[in-house]
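Please keep the sequence at hand while reading.

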Amino acid sequence: MASLSHSIKRGSAELAILMVLKDRPLHGYEIARRIEQDTGGVLHFTLASLYPLLYRMEKRGWTRGAWETTSGGVKRRCYSLTAAGSKQLAASRREWNAFFRALSQLGGLSRA
Amino acid sequence: MRDWSDVVGTRLAALGLDAEREQQIRAELAGHLEDACADAVRRGCTEEDAVARALERVPDWTHLADAIRRADQKEGPMSPDAKTLWLPGMAALGCAAAVMLGVTRFLPPSLWTNPRATLPMTTALLLAYLTCGALGAWWSRRAGGSVTARLFAGLFPVALHVSIFVTVIVAAMFEPELQINFQLRAALIFIVIPGVALAIGTLPFLRDNTKTFAA
C-alpha cells in the first residue's frame, strides 16, 4: 500500500506539472503557484517535492529547462514541455482516467 | 532585501554534483525563494513575514539536499534514449545473437538440409525472434519509452541480419553465378521474415500499460 500511495502521489504531481506546462513555459515558482492556485491549495509543493521531480522529468526528456530573463529583469530557469512530454501527458491522462473509472466502478467515488 | 543565494548557500548541504550543475541548482532554488518572498510582500505581508513564509517552503534543508541528490543519482548518467532505446535494443540484439550462435554452433548442419526438420526449426527460430522483439519492447516500455522507441528497440536484431546480408551480398559480388534472385531471396529470409517476427513480438508492448499504474 505504501508503494501505491507513493506512486499515486508522484504520478499526480508529474501530471499536474505536465498540465500547467502545456500552455506555456514556466519557472519553478510559477509552476508551484499555478498548481496551488488552480487546485485551491489542495496540491501544494515544497522545494523538496518540486525540484527533484522537475529534474527527473527533465532527464527523462519530458521537459526542457533554459535560463531566461523575466519581465522583471531577473534570470529564472524556465521549463517547457517537449514532444515526449506532450506524449507523456496524453498517456498519463489516459492512465488517470482509467484509474478513476476503475475506482468509480467500485462505488463511493465520483469525479469532480 | 535578503540575499537568497546566501541563504541557500549556507543552509543547503553540498550536493556532490559537478560544480556548474550545483551552482545552477542553488541559483534556481534561491530564485524560487526570492519569488515566493516578493509575492508575499505584494500580497501585503511585512518583509519579515514574507521571509518566514518563503522559508516555510523548505521545512528540512537536509531532506531537500538528499532529494535533489537522489533525483540526480536515481536516473543515472544514461540519457533517456539510452534507457528507452539503446539498452533495450542491445538486449534484444544480444538475445538474437545468442539464438543465432546457438543454432549455428550446436545444431548439426545436416538438420538444415533435412526437409522434415525445416518446419519445426523455422517455427522455433521465429518463436525465439518473437521473444527477442517482445524483450526489447517490454524493456523499453518499462523504461518509459515511447511507442516508436519500443518498436525500434524490438527491431534492433534486424541490424544483425542486415550486417549478415550485406556481408553475403559483398561476397556474392565476386561470385558470378549468384543471381539477383538469390539476393532478393536472401533479403527476404535474412531480413524481412525475422523483422516481421520481431515486430509481431513487440505488439503486446506497444500499448500503454494501465495495470502498472496500480501495481
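The sections below describe a predicted model, beginning with the sheet in chain A and ending with chain B.

## The sheet of chain A

In chain A, three strands form an open sheet, and they lie in the order S1-S3-S2 with antiparallel pairing. Strand S1 (26–27) and strand S2 of chain A each have a single partner strand and stand at the edges, so one side of each is left without a neighbour in the sheet.

## How the strands pair

Strand S2 of chain A, residues 63–69, is joined by seven bridges to strand S3 of chain A, residues 75–81, and the two run antiparallel. As one example of this pairing, A:Ala66 has A:Cys78 in S3(A) as its bridge partner. S2(A) and S3(A) form a hairpin, with five residues between the two strands, and in the turn A:Gly73 has a positive phi of about 85°.

The pairing of S1(A) with S3(A) is also antiparallel, and here two bridges connect the strands. Within this part of the sheet, A:Leu26 stands opposite A:Tyr79, a residue of S3(A).

## The helices of chain B

Which elements make up chain B, helices or strands? Chain B has eleven helices and zero strands, and when read along the sequence the pattern is α-α-α-α-α-α-α-α-α-α-α.

Chain B has 215 residues, of which 29% count as buried. When contacts in chain B between residues at least 6 apart in sequence are considered, 70% of them join residues at least 24 apart.

How values were computed. Residues numbered from 1 in each chain as written. Chains lettered and ligands numbered in written order. Predicted model: local features only at pLDDT ≥ 70, side-chain atom pairs only at ≥ 80, totals over all residues. Pairing = 2+ DSSP bridges. Helix = DSSP H or I, 4+ residues; strand = E, 2+ residues; numbered from the N terminus. Buried ≥ 20, exposed ≤ 12 C-beta atoms within 10 Å, placed from the backbone. Contact = placed C-beta atoms within 7 Å.
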